[in-house]
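Colleague: Could we go through this model together? I would like to begin with the packing.

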Amino acid sequence: MQTGEAINTERKTNYDGLKTKIRNIKEGSYVIKAIMEEYMDSINQVFEKIKSVQGIANKTNLLAINASIETIHASDLLASFEKIVANNLLIQARILAQILEYDPDFLFQDGVKFARETGIEEFYITDDQGIVKFTNMPAWNNAKLNSAEVLKILHDPQLEIELPATGNGLDSTHFKVVAIARRDQPGVIQIGAHFIKPKGQLAIDGFGVVAQEAKRLADVSKVMSARITGLTNELFTEITNLKQSYDEAEKIIESNLEIAESAKQNESSMSQEEALQSMKVCLINLDNGLREIRKYFRGILSPLTELINIARQTNLLGVRAAIEAAHSTNDKQDFDNLLNVHMAVEAKLAATYIERRPDMTCEEMVPFADYIGVGEIWITDANGKVELTNVAGGKGYVFMNEGQTAPFYRLLASPELVVAMPPALRALDNRIFKYVGVGRKGKPGIFQVGNVSKMYGDSTAEGFAVVSKQIKDLAEQSREIATEIETMVESMEYKAVKAIETMKTVNKHRLETEMYWSELK
């Protein structure tokens with residue numbers, strides 16, 4: 001049987017042990033507190049970085065949409081080559097019809113020389129039986145046109161025939177033919193020209209596929225980012241709840257220590273038992289909260305890995321887009337060159353017509369321009385002052401050796417030149433026009449034709465190359481940021497493991513406090 005002194009000594013030892021274990025719990029809780037504080041800082045950084053990823057996805061999406069639109073425009077431009085050739089050949093045929101109407105003797109000249117002077121590649125003018133009477137192809141003189149489709153015009157002079165372009169099967173060169181009726185008498189005017197179909201369509205199609213895939217990946221990236229944002233919001237809530245659990249646990253741990261410090265050696269305190277029980281509940285909640293948070297880290301890492309993979313795929317798309325861009329040709333410049341050739345022919349033919357109409361007025365110029373299909377005609381005297389035009393109020397306008405008229409001013413001194421300008425914003429009214437000019441026939445002056453056009457901008461290849469680089473750069477930014485987030489979340493997950501391991505030690509100390517308390521009761 002123990003003496004009273006021995007009992008007091010034993011109780012003192014148990015109280016000392018109890019206090020030591022509570023202090024150990026307190027120290028362990030500090031480790032967990034530091035980890036939670038790091039969580040709050042990290043989670044705010046994740047929020048900011050995921051916003052950046054979403055912003056990049058939005059930029060990539062918009063870039064891909066614009067690239068798709070540019071692809072459609074480029075594709076339409078290429079598809080319109082044949083139509084542009086047809087439209088310009090019809091303009092040339094209509095001018096010939098007008099010339100014949102005012103000069104029946106026009107046929108009695110050297111067709112080869114006429115074609116060379118005007119730039120017409122191939123033309124045929126027939127009688128009412130379809131027999132060729134004037135051409136630059138001598139072998140066809142007095143022969144009958146062999147196209148049944150074209151010969152329909154003899155029975156229906158309102159027809160304007162456009163035959164499908166034909167190719168030789170060896171390269172991209174095609175031949176286009178159009179035909180209209182003569183206006184001076186029954187007969188056919190047929191004009192043909194070769195043109196080279198653009199080679200960039202395959203590359204443009206490939207770039208279009210790349211743009212669509214970039215948009216799809218950007219959309220997936222936005223979905224993944226939204227998912228990560230949602231999980232991060234939930235994680236933030238869990239961490240906030242965990243912090244509340246910790247704050248409660250910290251208070252109850254401190255309360256347990258205070259009660260243990262103030263307890264008398266010969267008394268057992270009911271408040272101590274209640275405090276220990278409360279601490280047990282708080283620590284269990286804290287442990288469960290830490291384990292729950294770790295699940296969120298694992299949940300975030302999965303879409304993050306997918307986000308990084310998407311960025312890598314998008315980066316590869318940027319490389320592929322660059323390859324397609326390199327394969328595309330300068331089709332927009334080819335398009336402008338095509339217009340240069342045909343508009344020069346139209347200017348020379350129209351100049352030939354005006355030479356035969358010395359008394360023509362500006363009022364008569366309007367229906368003439370409307371019929372042939374030319375937007376504007378400007379004809380100056382030897383000093384560059386406009387004498388004839390179909391533009392209301394344009395008579396008297398002076399071409400100067402400065403500004404936008406300067407290139408055409410050279411025609412006054414060198415009428416053999418052909419001046420062709422790319423589409424440009426006209427200073428007069430801010431409309432976009434394309435102009436080609438030649439020297440007048442029969443007298444000094446400028447003969448200029450113009451049509452409403454659009455700004456073609458940089459070449460397809462250059463435009464696509466810029467977009468390719470932007471897609472690649474954005475993908476690299478997204479990959480870098482997503483990788484940073486992944487590293488942060490992995491660090492947080494590692495710390496969660498550390499916190500859980502610390503909780504195991506804390507719970508061990510808690511069980512030991514219960515053992516000491518059972519000895520004291």
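Colleague: Which residues have the most contacts inside the largest nonpolar core?

Modeller: They are Leu18, Tyr39, Leu235, Leu283, Phe297, Leu307 and Ile485, in a core of 68 residues. A nonpolar core is a set of buried Ala, Val, Leu, Ile, Met, Phe, Trp, Tyr and Cys residues joined through side-chain atoms within 4.5 Å; buried means under 20% relative accessible area, exposed over 50%, partly exposed in between (1.4 Å probe, protein chains only).

Colleague: Which helices each supply at least two residues of this core?

Modeller: α1 (4–79), α5 (201–262), α6 (270–327) and α10 (460–520) do. Helices are DSSP runs (H or I, at least four residues), numbered from the N terminus. The model is predicted, so local features need pLDDT of at least 70 and side-chain atom pairs count only at pLDDT 80 or more, whereas totals for chains, interfaces and linings use all residues. Residues are numbered from 1 along each chain as its sequence is written, and side-chain values use heavy atoms, with hydrogens and water left out.

Colleague: And what is Leu235 in contact with?

Modeller: Leaving aside neighbours within four places in sequence, Leu235 is in contact (heavy atoms within 4.5 Å) with Ile43, Ile293, Tyr296, Phe297, Ile300 and Met492. There is also a second, separate core of 54 residues, which includes Leu339, Tyr353, Val438 and Phe447.

Colleague: Turning to rings, how many aromatic pairs are there in the whole structure?

Modeller: A search finds 13. Rings of Phe, Tyr and Trp (its six-membered ring) pair if their centres lie within 6.5 Å; planes under 30 degrees apart count as stacked, over 60 as edge-to-face and the rest as tilted. Phe433 and Tyr435 are stacked, at 5.5 Å centre to centre with 15 degrees between the planes, and both residues are buried.

Colleague: Which charged end sits over the ring of Phe433?

Modeller: That of Arg426, 4.1 Å from the ring centre. The criterion is NZ of Lys or CZ of Arg within 6 Å of the ring centre and within 35 degrees of the ring normal.

Colleague: Now α8: why do its buried residues line one face?

Modeller: The buried residues of α8 (residues 362–372) are Cys362, Met365, Phe368, Ala369 and Ile372. Seen down the helix axis, they fall within an arc of 100 degrees (directions from the axis to the C-beta atoms), so they line one face of α8. On the other side of α8, Glu363 and Asp370 are exposed.

Colleague: What follows α8?

Modeller: Gly373, with a positive phi near 95 degrees.
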